[in-house]
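Walk me through this structure, one region at a time.

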Amino acid sequence: MENRLIELTVNGEIREVAVKANDTLLEVLREKLDLIGTKEACSMGECGACTVLIDHKPVLSCLTLAVDATGKEIITIEGVSSPKGLDAVQESFVNKGAVQCGFCTPGIVLTAKDLLSRNPNPSDEQIREAISGNLCRCTGYTKIVEAIQAAAEGGAGK
Amino acid sequence: MNTHRIIGKRLPRIDSKDKVTGKALYTDDMSLPGMLCGLILRSPLPHAKIIRIDRSKALNVSGVKAIVTAEDTPKIKFGIISRSAKYMDEYPLAVDKVRFIGEEVAAVAATDADAAMEALDLIEVQYEELPAVFDPEEAQNPAAPQLHDHAPLNISREYHIKKGDPAVAFNQCALVREDTFTTQSAIHAYMEPRVALACWGKGGALTVYTSTQTPYYVQQHLGRTLDINPDNIRVIKPHVGGGFGGKSDGLSAVEFCAALLARHADRPVKIVCSRDEEFAAARRKHPVAITMKTGVNKNGIIVARQCKAVLDGGAYCSLGPLTTILMGTFQTLPFGFEHYQYDGYRIYTNKPPCGAMRGHGGPQVHFAQDIQLDMIAEALGLDPVEMAMKNGLQTGDQSAAGFKIVSSGFQECLQTVSAKAGWKQNRKSKNKPCGPKAYGIGLGCGGFPSGAGFYFNKTTSAHSSVIIKAGEGGGLNVLTGASDIGQGSDSVICQIVAEVLGLPLEDIHLTSADTQLTPPDMGTYSSRVTVAAGNAALNASKAARDEIFRIAADHLEANPDDLVANDRRIYVDGSPDRFISFADAVNQFQKKNDGSPLLVKGSYNSPDPLSPTYSFGAYICEVEVDLRTGEFKILRFSVAHDCGQPLNPMSVEGQIEGCIGMGMGYAIQEQLDFEDGQTLNPSFMGYSLPLANQMPEINITHIVTEDPHGPFGAKETGEGSLDPAAPAICNAIYNATGVRILDLPVTAEKILKGLKKKESQDGKSTDRADRKR
């Protein structure tokens, strides 16, 4: 299959990249743009590990074709923190012990950021519902929910 | 009282900032120049002879750089338990025969995944199909197909325990119950699929980055199966996205094929398993049929136990021979009894091999034990908590399988959790449905070894070792073979070193699990790392402190015994102003030693071949069951766990909460389905892991005991916390509905069936299994 050049706007930067028509956004982010923070755990849209934000909405990058992401604003986990430090949601995940193996973490952090941007004061139930498309096998989700709650209380969504 | 600065504190893990920002590198995040993509060809048949493999067409695919089969290997078998030849029953690439669907037959390396996939399709394998057997009972029939020449009746392992005389003891019991329990095929479902990246140096040295729990064993078994000196192999474990026992087999075909392909292609090769491969062909938990017979006296004291377990082992040993033993030994925790007989049989079947999964045999037998004790308590009119109190092992006791209990907080766990969950009051509401929904509350109990006391191979290495090297700036490099797979051992080891040497955590720089740099370590399994690697870290830290205090004592003209290390300083206790900085002390050490670095080591071996010490726990689960549909909701888990001294309570809670998630999935929904050896649901969706919106409230109390063996008195948490989850749920459902589920998983359908059966039997006498004497 032929490669063609496309432009992707990732974490505020325009990146020119050669892709095949059937390359997923996940493949392109990880293999061509070295954005390895986005994780591949099932490639079938079942686990949420590859979640990125496209135009502020959480999207499964394993089910998204790279060519379909042109002209849109893509945020990966690398775009959440700044050289100055962690984002409030990330900080909360660290402080609340919400990270174990860490493989699901980038996807859940991005899902949580989307939730808090829409709903700055979510209930426990709303948090659980929001992250119910992200599988975690280590934590039982308890400390992840606590971390999102604490981030909300700290004003992360405002 | 905890007077420590760092031990016992709720501290963030040292790797969590890298993990929340996506900076943490896992094996699949790494690439090397010229790296090829590897894929594995797997058997489509459950049992067959391999007649011929033709790779000529596949080799013509553009981009294909190497294709390997068993013909390219020395054909040496392996098995994690290499102390006995018969447990090494598997080739890393199938030789002459395949024994399960998914077995590794060949592997391809190509410049990209599309080419590798195309080549995989073009490898022609001619098989001669053989009769297959999938059921462990059928497999023991002399007429059944035999999987391995060395195993008549397909018995992979049998193990027997006999203590006292249960047959006689049963005759003196007030009540004896015998029940049969069955458990399903379940799987680890770690989030990071298995992956390995291999490359060879021109001098013949091999480097393998791999997602493993046991890098030291991978090094040994790769050496064995490639027929090279293991010392020429460097195994590096980057960050690992969970294992739960599924990456503890010492070697997987993924590592072997990556290494072999890399040698043939003379380029680095990475193989990443697909999720389908993980569900269909990776190791999994043993399904088991357990016949348990327990006799008690009229006060509910357990007198005798007899148990037969038939484990469906799948096609190869993996860690199964040990699982067969552990199902016998783990059921002697947390309760004591005098008379015991265990007969365990692991049977080969034409299905993917079963090995270790979190709890390693414990979840299956504790499911049986705690339900049976709940039944016995009911029959005797006893409260299950009170009965557990009477039977629980205490400090100084020895279990029927010989586990020596050096610290037990089990009774305190029971008292605490029953008080916190309002057990007595809530238990009274049993079977009083409010509307169509009934409330129920149930107990599950656990006890678990804090680590095995032996290696699976013959070695002179200590179980764990730690090396500490001090830098001129006062920071420390700590080298450990221990493998953090997400449980947090890297953080705990740093906490221990920082505590002993009076340094902040940021001064401790850890390198873990790199066989070329770090000393040997058994790896992450058997809930051993905190106690074993923690003690090795403690011993190394004390050795470093001795050296530093010697220097400081000279400098301060003080007695080393009077010194303390705190806040990057060494000073005389009570006189913090009379100090030398840690960095100055290190530099003075170097001056006195011709510039040699301050380099110390510490090791640890379990003093007991079974385990140095044991954790305990008691869980209470509350449920609500819809009596019209059998659907149920798990409302709450109340937990009390004795892990000695929690070194980091936040991490300990994370382990318990994770265990409840996994235990709940096991109890109510997870199940691999098979048809003629084919996995029918090889996906997250098909297998059904618990989701965030399914998880109940979890209330945890740490029961602190002073353990004489653990570092700072710590014991295990990561596996023992799984065992009580399933029986607590089942006992709560019984409490709500009067329906006993003896085969996992518990589903609404099974409950509804039970409710209907109960309805039709209403009024008739129940529980024919009870035998009053």
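**Where the chains touch**

Chain B puts 43 residues into the contact, and chain A puts in 41 residues. Here two residues are in contact if their C-beta atoms, placed from the backbone, lie within 7 Å. On the side of chain B that touches chain A, α1 (16-21), α17 (649-668) and α18 (684-687) of chain B each supply at least two residues. α17(B) gives the largest share of that side, seven residues. By type, the residues of the side of chain B that touches chain A are 19 nonpolar, 16 polar and eight charged. Ala, Val, Leu, Ile, Met, Phe, Trp, Tyr, Cys and Pro count as nonpolar, Asp, Glu, Lys and Arg as charged, and the others, Gly among them, as polar.

This is a predicted model: local features need pLDDT of at least 70, side-chain atom pairs count only at pLDDT 80 or more, and totals for chains, interfaces and linings use all residues. Residues are numbered from 1 along each chain as its sequence is written, while chains are lettered from A and ligands numbered from 1 in the order in which they are written. Helices (H or I, at least four residues) and strands (E, at least two) are DSSP runs, numbered from the N terminus.

Now take a helix of chain A. Helix α2 (residues 88-95) of chain A is mostly covered, with six of its eight residues buried. A residue is buried if 20 or more other C-beta atoms lie within 10 Å of its own, exposed if 12 or fewer, and partly exposed in between; C-beta atoms are placed from the backbone. The buried residues of α2(A) are V89(A), Q90(A), E91(A), S92(A), F93(A) and V94(A). They pack against α3 (105-118) and α5 (142-153) of chain A, together with α1 of chain B. Just after α2(A) comes G97(A), with a positive phi of about 70°.

Next, a pair of helices in chain B. Helix α15 (residues 529-556) and helix α16 (residues 582-592) of chain B pack at an angle of about 95°, and their axes are 9 Å apart. Axes are lines fitted to C-alpha atoms, for helices over the stretch in contact, and angles run from 0 to 180 degrees between N-to-C directions. α15(B) and α16(B) are therefore roughly perpendicular to each other. Angles under 35 degrees count as roughly parallel, over 145 as roughly antiparallel, 65 to 115 as roughly perpendicular and the rest as oblique. From α15(B), E547(B), I548(B), I551(B), A552(B) and H555(B) meet F582(B), A585(B), Q588(B) and F589(B) of α16(B). That contact divides into six nonpolar residues, two polar and one charged.

On to a sheet. Four strands of chain B form an open sheet in the order β16-β24-β25-β28, with mixed pairing. Two strands pair if DSSP finds at least two bridges between them. β16 (437-449) and β28 (697-702) of chain B are the edge strands, each pairing on one side only. On average, neighbouring strands of this sheet are turned by 15° against each other, direction ignored. β16(B) pairs with strand β24 (residues 614-626) of chain B in the antiparallel sense, over 13 bridges. There G446(B) stands opposite G617(B) in β24(B). α17(B) lies across β25 (632-642) and β28 of chain B, and runs at about 135° to β28(B).

A hairpin is next. Strand β21 (residues 569-572) of chain B runs antiparallel to β22(B), joined by four bridges. Y571(B) has F579(B) in β22(B) as its bridge partner. Two residues lie between β21(B) and β22(B) in this hairpin, and G574(B) in the turn has a positive phi of about 90°. R578(B) lies in β22 (residues 575-581) of chain B. With 14 C-beta neighbours inside 10 Å, R578(B) counts as partly exposed. Leaving out residues up to four places away in sequence, R578(B) touches L556(B), Y571(B) and V572(B).

Last, a proline. P215(B) lies in helix α6 (residues 215-226) of chain B. P215(B) is buried, with 29 other C-beta atoms within 10 Å. P215(B) and K247(B) are 32 residues apart along the chain, and their C-alpha atoms are separated by 9.8 Å.
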